[in-house]
Amino acid sequence: MAGHGFSHIPQNVEKINSKYRVIQTQIPVPESVSLLERMYEAESRSMHGQMPIIWDKAEGFQVSDKWGNTWIDFSSTIFVTNAGHGNKRIVEALRKVLDKPLLHTYTYGNLERIEYLEYLIANTPKQFEKAFLLSAGTEATECALKLMRLHGQKKGKRKGGIICFEGNWHGRTLGAQMMGWNPTQKEWIGYLDPNIFHLPFPYPWREEAVKDPVLFFTKGLETLCKEKNIDPKTDISGFMLETFQGWGAVFYPKEFVQALVEFAHKNNILVAFDEMQAGFGRTGKLFGYMHYGVEPDILCCGKGAASSLPLSLVLGSTEVMDLPDIGSMSSTHSASPMICAAGKANLESLLEDGFIKNSEELGKKFHNELQKIKSKYSDYISSIQGVGLLAAVIFNDKNGKPLASLCDLISEYCLQRGLIVVHTGRESIKLAPPLCINEEAMLEGLNVFSGAIEDAIKKAV
């Protein structure tokens, strides 16, 4: 690996022309390298590090470049295109707005906004009475932070304490990074909010968390309150949970979350779920939190909310969502007609075209096949996490040592063979095909993945 994360030296690779994949050039494509270098020259390097590919067209579960190569996409552009690339409903909805034309209205009303909001509220759980539309996931989690603290103030809390979790991630803006865990990525801030706290995460490889999830929660909470000298009744305004821990698709034990929600509601504390990766059908349910059998007060969504354009949103009760005064919370591109049209068409497609059901049913086969792959490479794969058409394959050796460099190599081999996976930069590879994928293409992609693992292991050894 060199330069911008992956080698940019074109490699001779096996030519492929299967039903769903075509590779007919060197990878990376020689003509693409100079284009990538032009991008690197003009753009902040913080945007770079992905595999060297220049997309030209994407439809359904396939991505193509302009040089005749086509990949099966197991990334959904990092959990965005849940309803499929170039979804026909979404394209048609956008075309209607373009043909008006009506590209932007700031916060003035537009019909697309009204229709989307009504459809969204009508087709989500009844506790969600109002929505706040935004552009990016980090805006949504920042909004939740503000709402939880405003609610705490209204209820007479002394502090705006927010309890978050070790290992979770909530975005790159100030409040979102403070709620997130990664200490290194927070060093730039120079200080930390003294009223944002973190509890231990109940990883499935922590014996005590598996043995008694409720006790793990209560002990962690008691320790935190003692160390920080806080009283949840007067000092805590909210809990923020990433529905599953992103890098490894790691879910909490159901009993853990249920105990947390019960405790929160007894102590007038709001519960917010960050559903950026989990929402809109990815896990086989409309929202990932539904696997826990609880009802959150605030739901933060993004990525798959439009399967295309930049849309994020916050859902909650009227009481919570109307805490900010008129005009005190808005965003320049909130509720744009183009984005609302895409959002409504996306939700219609997920609900009416069977994609959520496909995620649930095909997801079972997906995970069965991944368990077979785990058994085949058991000395290298320590765990398969996730549910539905979401999986994280976690690579550790027999001694528990993370195998991040092996994951880099596997990801590169997949690209060379017509498969795009989610390269996390650590000891996991995430797999998340668009929910419109069929079983035949899914199995072809998994076969490529398995072969890439085998060859990467041979080279690494």
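Me: What's the bridge partner of Gly-238 in S12?
Reply: Gly-238 pairs with Leu-270 there. Strand and helix names are DSSP runs numbered from the N terminus: E for strands, at least two residues, and H or I for helices, at least four.

Me: What kind of model is this?
Reply: This is a predicted model, in which local features need pLDDT of at least 70 and side-chain atom pairs count only at pLDDT 80 or more, while totals for chains, interfaces and linings use all residues. Residues are numbered from 1 along each chain as its sequence is written, and side-chain values use heavy atoms, with hydrogens and water left out.

Me: Back to S12. How many bridges join S9 to S12, and which way do they run?
Reply: 5 bridges join them, and the two strands run parallel. Strands count as paired if DSSP finds at least two bridges between them.

Me: What sheet are they in?
Reply: An open one of 7 strands with mixed pairing. The order is S6-S14-S13-S12-S9-S7-S8. S6 (130–134) and S8 are the edge strands, each pairing on one side only. On average, neighbouring strands are turned by 20° against each other, direction ignored.

Me: Where does H4 touch the sheet?
Reply: H4 packs on it, touching S6 and S14. Contact means heavy atoms within 4.5 Å. The direction of H4 makes about 125° with that of S6. Such angles run from 0 to 180 degrees between N-to-C directions, with axes fitted to C-alpha atoms, for helices over the stretch in contact.

Me: New topic: H10. What is its span?
Reply: H10 covers residues 254–266, which is 13 residues. From first C-alpha to last it reaches 19 Å, close to the expected 18 Å. The expected span is 1.5 Å times one less than the number of residues.

Me: Which residues in H10 are buried?
Reply: Phe-256, Val-257, Ala-259, Leu-260, Val-261 and Ala-264. Buried means under 20% relative accessible area, exposed over 50%, partly exposed in between, with a 1.4 Å probe and protein chains only.

Me: And what covers them?
Reply: The cover includes strands S7 (161–165), S9 (236–242) and S12 (270–274), plus helix H8 (213–228). After H10 comes Asn-268, with a positive phi near 55°.

Me: Where else is phi positive in a residue other than glycine?
Reply: At Ser-307, near 55°. Ser-307 sits in the loop between S13 (298–301) and S14 (312–316). Tyr-106 is another non-glycine residue with positive phi, about 55°. Tyr-106 is in the loop between H3 and H4.

Me: Why does Ser-307 count as buried?
Reply: Because its relative accessibility is 4%. Tyr-106 has 40%, so it counts as partly exposed.

Me: Which peptide bond to Pro-28 is cis?
Reply: The one from Ile-27, with omega near -5°. Pro-28 is in the loop between S2 (22–23) and H1 (30–42). The bond from Lys-100 to Pro-101 is also cis, with omega near -15°. Pro-101 lies in the loop between H3 (88–99) and H4 (111–122).

Me: Last one. What does the side chain of Asn-182 reach?
Reply: The backbone nitrogen of Thr-184, at 3.1 Å. The backbone nitrogen of Gln-185 is also 3.1 Å from a polar atom of that side chain. A polar contact is a pair of N or O atoms within 3.5 Å; within protein, one must be able to donate a hydrogen and the other to accept it, and residues adjacent in sequence count only if both atoms are side-chain atoms. Asn-182 lies in the loop between H6 (174–179) and S8 (196–199).
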